[in-house]
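My entries follow in the order in which I went through them.

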Amino acid sequence: MKVLVTGAAGFIGMHVSQVLLARGDEVVGLDNLNDYYDPTLKQARLQRLSGHAGFRFVRMDVADREAMSALFAAGGFDRVVHLAAQAGVRYSLQNPHAYVDSNLVGFTNVLEGCRHGRVQHLVYASSSSVYGGNTRMPFSEHHSVDHPVSLYAATKKANELMAHTYSHLFGLPTTGLRFFTVYGPWGRPDMALFLFTRAILEGRPIDVYNHGRMRRDFTYIDDIVQGVVRTLDRVPEADPAFDAMNPDPARSHAPYRVFNIGNNSPVALLDFIGAIEDALGRKAEKRLLPLQDGDVPATCADTTELDAWTGFAPATGVREGVGRFIDWYRDYYRV
């Protein structure tokens, strides 16, 4: 297949592109290489892809309407994996317009490109943050997601609604994946694992929010990629059993699906920090702080639906995954 991967210089995008290339797909990788975090890390990820004959990189912003239209018109893409987005819950409190431009305007341009380019299947990144104020665990696709607690979460819910509209109006098959705290080698520098590792190695204290009483469904990158690629390979169809009188958020009369993709095994943040300390052979100085605006105290993914759909099964425990990240970090930064 010829697959467009947006956000190809990103953490998940690079790993997804590698797997698609390894199995023989042609990949066009798109990224704007912005400076939300260190662009040299993004360039290093691209270097890992550029050696493949089936890879072509396009530097472009998904919010650029004319450029995106031209890309799709000339691209002839069979399928699209849309991972480009302005990420980060806390940053959305500081710079909301970045989220509107990338996550709403950009997603509209992707939907329009898929519609007019007759793309067979669009798989896009949603987020566990859409569950917002919901405290019923584990989070299920059958639950309501009507109470976001950050603008980032609101844009991701909006993406799901927009995708459903295009599935309904134009028959565009779409699948949204609600990622749960992805971590691993080549990860983002604004994520906890990266921040904690760097601080501990530099002898600085780490900020531990909610006084350490956080639980997260940490999901290793290889497991995430497995789910993304398996989902890409199964095109959704309209559900003939959909009941419009009692609508289920996880089902639709249109070729539309949304899935949780997580480890289904939440870990206490202090245990996660313990795994980092053990892998580094150093203890962290912890600065206990209140829960931050936009954050939620716990996440846990019910992955029953994704398992039934694709056979998805996470295989990497936190201690193993953290150890692999630390090995990568020490090698990449020579520390």
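I began with the side chain of Asn260, a polar atom of which lies 2.8 Å from the backbone oxygen of Phe139; I count a polar contact as a pair of N or O atoms within 3.5 Å, where within protein one must be able to donate a hydrogen and the other to accept it, and residues adjacent in sequence count only if both atoms are side-chain atoms. This is a predicted model, in which local features need pLDDT of at least 70 and side-chain atom pairs count only at pLDDT 80 or more, while totals for chains, interfaces and linings use all residues. Residues are numbered from 1 along each chain as its sequence is written, and side-chain values use heavy atoms, with hydrogens and water left out.

Asn260 lies in strand 11 (residues 256-261), strands (E, at least two residues) and helices (H or I, at least four) being DSSP runs numbered from the N terminus. Its relative accessible area is 0%, so Asn260 is buried (buried is under 20%, exposed over 50%, partly exposed in between, with a 1.4 Å probe and protein chains only). Leaving aside neighbours within four places in sequence, I found Asn260 in contact (heavy atoms within 4.5 Å) with residues including Tyr131, Phe139, Arg178, Phe180 and Asp302.

Next I looked at strand 4 (residues 79-82), where Arg79 and Val81 point one way and Val80 and His82 the other, all of them buried. Strand 4 pairs in the parallel sense with strand 1 (residues 2-6) over 4 bridges, and also in the parallel sense with strand 5 (residues 121-127) over 4 bridges; pairing requires at least two DSSP bridges between the strands. Val81 is the bridge partner of Val5 and stands opposite Val123 in strand 5.

I then turned to helix 8 (residues 221-232), whose 12 residues reach 16 Å from first C-alpha to last, close to the 16 Å expected at 1.5 Å a residue (1.5 Å times one less than the number of residues). Since 9 of its 12 residues are buried, helix 8 is largely enclosed by the rest of the structure; Ile221, Asp223 and Gly227 are among them.

Last, for the whole protein chain, I noted 11 helices and 13 strands. Its radius of gyration, taken over C-alpha atoms, is 19 Å, close to the 20 Å from the globule rule for 335 residues, so the chain is as compact as a globular protein of that length; the rule is 2.2 Å times the number of residues to the power 0.38. Of the 335 residues, 55% count as buried.
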